[in-house]
Every structure is written in structure tokens, then in C-alpha cells.
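Me: Could you walk me through this structure with a few questions and answers?

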Amino acid sequence: MPVRLPALIEPVPEPRTDLVAREAEPDAAFVALWLGRQASPHTRRNYARQAEAFRRHVGKPLAAVTLAGVLGYVDSLDGRASATRANAVAIVKSLLSFAAQTGYLPVNVGAAVKAPSVKNTLAERILDQAEVVRALALEPSPRNRALLTLLYGAGLRISEACGLRWRDLVAREAAGQVTVYGKGGKTRVVLLSAKTWGLLDALRGAAGPDDPVFRSRKGGGPLDASAVHRVVKAAAVRAGLSPEVSAHWLRHAHASHALDRGAPVHLVQATLGHASVATTGRYLHARPSDSSARYLGV
């Protein structure tokens, strides 16, 4: 009769998927709380997508995630564009940092992870003044021309333009001003040129104070971001510009052109709603007015 030896190592049970699912439920609620801190719907969508990709990769509740797990996720991003990798890592670090700050996790395992460096490509996304003028001049639609002019002339973010109501625009002498509800829930007031104000004022007609400034032709509601993107892309094609041009390129152009024309950097900062003057200062480095290379004989 064979002799049975005692088991020296207990077999490791397979993880119970129902248990993992129940443990992940509080994580979903916590992630929703973290996402709620972001004011922009676009930012919330991006953060939600990246957080879901991270949680799916580690395959375990946040309380069980280790530094090795975070580093493994970072390694899985190899081969993607540097900006894409940096964005994904920054979002994961934000999630884990918030979890530790609020006591949801005892330790921030992402604190030791360094975000990948990103090549500064800002200079590639700044249009010349002549290119912007051509794009505006060739736009046949009065609504779209006013939209493009405002995006450039006031340096608005696409979400800021979509959210405008007529009560946000106020006449001021020969021109006007616009009150902008911007990133991070901050409000700023931007003075408009007489030309920009004239294009906007011509659109109003019988619109009430709570009506959207830029109305959709289908349904009459406010334009959404995808519609504005299509307007900008069509204008770029019409003017023979890069197909990569986006609404944010017009904001970049505003900052660069204003600085080129002598606007103080702190004034550009206030107009664009940048949290730090260092952010606005990037445009000075992207398009310097002089260089030591010009002083060499080659």
C-alpha cells in the first residue's frame, strides 16, 4: 500500500473572480470621486480612460497595487509617443497621490515613479500671423469666422468658447469684453478688439441672455467640442495649413503673436488664464527674438 507523505506546501488557491469584483467596487467609487475634482469634461474623460487602462493592466484592487505593478504598467507604454506616455504616467501618479492624501491608501506607491521626459514641440504648433489671417479671411460662414476670430483673438480654450452665453458678453465703449469660465473653475475677463466684437455682435439677433453664443444648426443648442474641431480643421484645409492644426493652435498663436508685438508676459498670462507665468514664458523660449548662433561666421 503506497505511503502518503504530508504536503509541505499548501496549494495556492485560484483567485476568486467574484471576490476581486467585490473588492474593486470601492475603487470604482473612489475613482469617481477623484474624477469629480476635474472641472473640464474633456479632462475627466481622459483621466477616466487612463485610470481604467491602469486598473485593467494591474488586475487587482488599488490597495494591492505595488511599486512593481506601477513600474510594469509604465513599461507597457513603451513604443508610444513620449507625450502619450508622460500623460498616462502623470494621471496614474495623480490617482495614487490623491488616494494617499485622502487616506484611501496607506502609502503612495507611485511617488517613486518618475514621469518620462517629453520633447518640447510647442514651436511646431505656432502658426505665423499671415497663416492665421488667411484662415480667418477665407472662412465663408459668419458664425464660424466669429468663432475662429474669438479663439485666436481672445486665446480661448475650446471648452470656454463652447460654454459662452450672451450674458457673458458686454459692450464696452467701441468694443466689448467677455467673461470666461475657465480651467480649474477660474473666471477671467478678456477685453475684445472692436473687430472681434463686431463679428460677435452681428451674430446675436434676437438671442436671449442665456442663449449660447455659438449655436448648433441642428437643434439650436451650443456647439460641442467636436463641432468646433471640424470648423477649425476645415479652415486649416481651406487656408492650406497643416492638417494637424487644432483649436488650441490658435491659442498658442495668440500667446506667441501678442508677445512678439510687445505685450507684457504677465498680461498674456492673465488673458489666457495660465496659473503660472512660467507657463506663458514657454512661448518666449519657443520663438526667441535673438540667438548667439546669429553671431557666428557660419
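Reply: Gladly! Ala, Val, Leu, Ile, Met, Phe, Trp, Tyr, Cys and Pro count as nonpolar, Asp, Glu, Lys and Arg as charged, and the others, Gly among them, as polar. This is a predicted model: local features need pLDDT of at least 70, side-chain atom pairs count only at pLDDT 80 or more, and totals for chains, interfaces and linings use all residues. Residues are numbered from 1 along each chain as its sequence is written, and side-chain values use heavy atoms, leaving out hydrogens and water.

Me: How do the residues of the lining of the second largest pocket divide?
Reply: A pocket here is an open set of points on a 1 Å grid over the protein atoms alone, where a 1.4 Å probe fits, with protein on both sides within 12 Å along at least five of seven lines; lining residues have an atom within 4 Å of a point. The second largest pocket has 23 lining residues, with Tyr152, Gly153, Ser193, Thr196 and His254 nearest its centre. The lining divides into 12 nonpolar, eight polar and three charged.

Me: Are H3 and H4 roughly parallel or roughly antiparallel to each other?
Reply: Helices are DSSP runs (H or I, at least four residues), numbered from the N terminus. The axes of H3 and H4 (residues 82-101), lines fitted to C-alpha atoms over the stretch in contact, come within 10 Å and cross at roughly 160°, on a scale from 0 to 180 degrees between N-to-C directions. Angles under 35 degrees count as roughly parallel and over 145 as roughly antiparallel, so H3 and H4 are roughly antiparallel.

How values were computed: Helix = DSSP H or I, 4+ residues; strand = E, 2+ residues; numbered from the N terminus. Parallel < 35°, antiparallel > 145°, perpendicular 65-115°, else oblique.
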